[in-house]
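Please open the model in your viewer and keep the selection tool at hand.

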Amino acid sequence: MRIYNTLTRRKEELKTITPGEVKIYACGPTVYNYIHIGNARPLCVFDTLRRYLEYRGYKVNFVQNFTDIDDKIIKKAIEEDSDYKTVSEKYIKEFWTDAEGMNFKPATVHPKATENIDKIIEIIETLVEKGYAYPVDNGDVYFSPKKFDGYGKLSHQPLEDLEAGARINIGELKKEPMDFALWKGAKPGEPYWDSPWGKGRPGWHIECSAMAGRFLGETIDIHCGGQDLIFPHHENEIAQSECCNGVPFANYWMHNGYINVDNVKMSKSLGNFFTVRDVAEKYGYEPIRYLMISSQYRSPINYSTGIIEQCKASLQRLYTCRDSLDFALENAGENIPENADEIKAKLDSRREQFITAMDDDLNTADGISAVFELVRDININVINSDSKELIGYAAGLFDELTGVLGLVCNRKSNSLDSEIEELIALRTKARQEKNWAESDRIRDELKAQGIILEDTPQGVKWHRE
């Protein structure tokens, strides 16, 4: 597999530290509100990366954090007359509702910043001892990027350019505009932890260095996140981690592209800001996942009503194919077509097409195309084959590839619930008796429940709308 490495700006062959194992750290959400569709993209993209690596035989140790102490969380707690813990726990719970809806596979571990204060303090102490960081009178501790020769290597900007946009805000006691906080002295009424520098809390950047180090080691295989995190967050993670440990922090850096809304970059200030919950309530969760992986992950994607509707329609094509396979399997005989081996070889070529796409820097767009080519092959060569063996083979391959993408995850159960089964049986009886009015009434009743019927020579097929 080849991965585009933001650090080197080229595609590189994936060579892991331990053969057959991959250590991945993905930056998770700051839990002060519902996640938005911008958060959804790295969730879906890097969940697919993890699934694909497992599919290819790797043992994956996947760590994704929760930032559960932050200025935004404290502000939210004040607004809600609450406390940081109540706010963070509430939105972690809401995160899981949305993540599970999008078929996100839980990480190996989901650490919280507040559960790793000891590791954070340990790293800061080391950085202070080595001269890369310094405490000031108000309890803050700052890191000095100028003391790290490699600063700017991820964002590919010289220190002078990065420094041009930096400033010292009122109340900050740092020495240089570029210096960033590792530890923040507690202000009145704020939550705090005891430290060698007084009561305070961690800065944002240090928590990821601490959690990546604790759960994955000093050097990890892949660090990933949104493109907006390259600078300053990931740049600062590299600096503090490598100055502390003296070894490379991550060998590969993967960053997904931005999301535009109606061809304009999504922004709260522009009012074109959508939460995953908002979109899911109208269109469901799975079309969101489909949208997020429908383009190559480094490319920007556009969200609009029309596009999410197209994603929903594309998913329906996949569900229709899978339901047709189930129906055909139930009614098929033991026929083995003369060209069965040729058909299987054609189906197998779609697997190879899929793997070739995904091996090329996780090209899910071409991976999805391979799945739709498989659907076409199934519709032409398999559905009407009257061969349980061939239909079962096709169904297994379909599930294999869509499973890697995390799609077609809401299939109906093999047995209808009793109410729907009874209604379909009553409609069949009405049709046999040529009672078309009653037949139409039952069809309309089922449609109102989201059940669409299709009359075929083999019997009644159905799917959910």
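Begin by selecting L325, F354 and I378, the residues with the most contacts inside the largest nonpolar core, which has 130 residues; a nonpolar core is here a set of buried Ala, Val, Leu, Ile, Met, Phe, Trp, Tyr and Cys residues joined through side-chain atoms within 4.5 Å. Buried stands for under 20% relative accessible area, exposed for over 50%, and partly exposed for what lies in between, with a 1.4 Å probe and protein chains only. The model is a predicted one, in which local features need pLDDT of at least 70 and side-chain atom pairs count only at pLDDT 80 or more, whereas totals for chains, interfaces and linings use all residues. Residues are numbered from 1 along each chain as its sequence is written, and side-chain values use heavy atoms, with hydrogens and water left out.

Stay with I378 and show its surroundings: leaving aside neighbours within four places in sequence, I378 is in contact (heavy atoms within 4.5 Å) with C321, L325, L347, I383, A394 and F398. Then move to a second, separate core of eight residues, which includes I420, I424, I442 and L453. In soluble globular proteins, nonpolar side chains tend to be buried together.

Next, turn to the aromatic rings, among which a search of the whole structure finds 16 pairs. Rings of Phe, Tyr and Trp (its six-membered ring) pair if their centres lie within 6.5 Å, and planes under 30 degrees apart count as stacked, over 60 as edge-to-face and the rest as tilted. Select Y34 and Y91, an edge-to-face pair with 5.6 Å centre to centre and 85 degrees between the planes. This pair links distant parts of the chain, 57 residues apart, with Y34 in the loop between strand 3 (21-26) and helix 1 (37-55) and Y91 in helix 3 (residues 84-101); helices (H or I, at least four residues) and strands (E, at least two) are DSSP runs, numbered from the N terminus. Y34 is partly exposed at 30% relative accessible area, whereas Y91 is buried at 4%.

Now select Y52 and Y55, a tilted pair with 6.0 Å centre to centre and 40 degrees between the planes. Both lie in helix 1, three residues apart, about one turn of the helix; Y52 is buried at 0% relative accessibility, while Y55 is partly exposed at 27%. A further selection, F66, F95, W96 and F104, shows one aromatic cluster.

Strand 11 (residues 259-261) pairs with strand 13 in the parallel sense over three bridges, and V261 has Y303 in strand 13 as its bridge partner.

Finish with the backbone. Most residues other than glycine have a negative phi, and most peptide bonds are trans. Select F231 and P232, where the peptide bond from F231 to P232 is cis, with omega near 5 degrees; P232 is found in helix 7. Then select V408, in the loop between helix 13 (388-405) and helix 14 (418-432), where phi is positive, near 55 degrees, and the residue is buried at 9% relative accessible area.

Conventions. Two strands pair if DSSP finds at least two bridges between them.
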